[in-house]
Amino acid sequence: MAEISTAAFRKVCYLGGADACYTEMISAKAVMFNNKKTLAMALVEPDEPKTFVQIFGSEPDDIAGAIRKIEEIRPPYGFDLNMGCPMKKDIKGRNGAFLHTDPAKVRRIVRAARAATKRPLSVKIRKGYIKDNSTEIAAIVEEEGADLLVVHPRLKSEMFLPGTCDFDLSIRLAAERRIPVIHSGDIVATADLPRFAGSRVAGIMIGRGAFGQPWVFDVLKTGTEPSPERKRELITLHFNLIGLYSSRLSEKVVMNELKRNAVWYSRGMTGATAFRNALYQNRWKLEDLLRELERFLGISLI
Ligand SMILES: Cc1cc2nc3c(=O)[nH]c(=O)nc-3n(C[C@H](O)[C@H](O)[C@H](O)COP(=O)(O)O)c2cc1C
């Protein structure tokens, strides 16, 4: 997720029980233009067990070229092709969810990506653009040799609207396909899981449910919450790693990432609103921000 699933966040998600993680969306074109910031985002840390670098683009040659280039510099566990993003910028660029409108292009893209790498290849799709064409797109993805299909079962026009996630669609696609199908959408608690019982859905991808609780993966697997000490340990590590990894980009990026996550971690705490306002209204330097995070969240940072 853009500006969220950074190296620091992925690290704490793994420690919180995630089996695999996806990077932020990486523009294939920007990789081909050697954009420094994009390349920095595309290089996963050597100790990440199963991280997929998520590529977006609309041209098969760019996508294949970007995969080859990233693999040459620092190979990740696998690659993912984004065919689900509904944001205006991506639709205008004819990538993301827009690709659902052009199945022939989906075929060319997956074929080019497949030829570019022997590593695990995942493709993330939606239900469709304006109408459901997920069955056709999923079949193409499998026929062209992808290893994994991730489905966010909402139309592009449904964006992230509550009540529109079509769980039965993920179950149906999983029954139709031979490759593993992962469901993505609206899973936040163990109570959400029984609906997949007896289905062939091979796994669950968690997005918003991990904001401010990277331990959600263990909670979903075991049904138990980690102790407050363990939570504080992970929050501390998360913030220290943001300083370590994101400082390669800029201090502004570090500050934004710290603030965004601090707001999520503070949810439900007494005084959270005043804390949130203080983070965004004060013109603090990084040092001031770190001290405020320590004070409010009861942690100790480097
Ligand atoms: C802020 C935000 C950023 C996202 N960025 C991406 C992205 O870069 N790539 C992607 O495949 N999906 C992205 N998504 C979609 C999620 O991966 C996921 O499919 C969707 O939010 C539904 O799952 P959830 O209910 O678990 O969040 C994003 C979602 C949100 C809310």
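**Ligand shell, domains and the parallel sheet**

The ligand is surrounded by 19 residues, the closest being Met1, Met25, His152, Gly207 and Arg208. A residue is near a molecule if its C-beta atom, placed from the backbone, lies within 6 Å of it. Seven residues of this shell are nonpolar, eight polar and four charged. Here Ala, Val, Leu, Ile, Met, Phe, Trp, Tyr, Cys and Pro count as nonpolar, Asp, Glu, Lys and Arg as charged, and the others, Gly among them, as polar.

The model is predicted; local features need pLDDT of at least 70, side-chain atom pairs count only at pLDDT 80 or more, and totals for chains, interfaces and linings use all residues. Residues are numbered from 1 along each chain as its sequence is written.

The chain is assigned domain 1 (19-205) and domain 2 (228-297), with bounds from an automatic or database domain assignment. Taken over C-alpha atoms, the centres of domain 1 and domain 2 are 30 Å apart.

An open sheet is formed by seven strands in the order 1-2-3-4-5-6-7, with parallel pairing. Strands (E, at least two residues) and helices (H or I, at least four) are DSSP runs, numbered from the N terminus. Two strands pair if DSSP finds at least two bridges between them. Strand 1 and strand 7 (203-205) are the edges; each has a single partner strand, so one side of each lacks a neighbour in the sheet. Neighbouring strands are turned by 30 degrees against each other on average, direction ignored.

Strand 2 (residues 51-56) pairs with strand 3 (residues 78-83) in the parallel sense over four bridges. Phenylalanine 52 has glycine 78 of strand 3 as its bridge partner. Helix 6 (residues 103-116) packs on the sheet and touches strand 3 and strand 4 (121-128). The direction of helix 6 makes about 170 degrees with that of strand 3. Axes are lines fitted to C-alpha atoms, for helices over the stretch in contact, and angles run from 0 to 180 degrees between N-to-C directions. Helix 7 (residues 134-143) lies across strand 4 and strand 5 (148-155), at about 170 degrees to strand 4.

In strand 3, five of six residues are buried, that is, 20 or more other C-beta atoms lie within 10 Å of their own, against 12 or fewer for exposed and in between for partly exposed, with C-beta atoms placed from the backbone.

Threonine 23 belongs to strand 1 (residues 21-27). Threonine 23 is buried because 25 other C-beta atoms lie within 10 Å. Beyond its neighbours within four places in sequence, the contacts of threonine 23 include Ser5, Met41, Thr51 and Val53; contact means C-beta atoms, placed from the backbone, within 7 Å.

Technical notes. Two residues are in contact if their C-beta atoms, placed from the backbone, lie within 7 Å.
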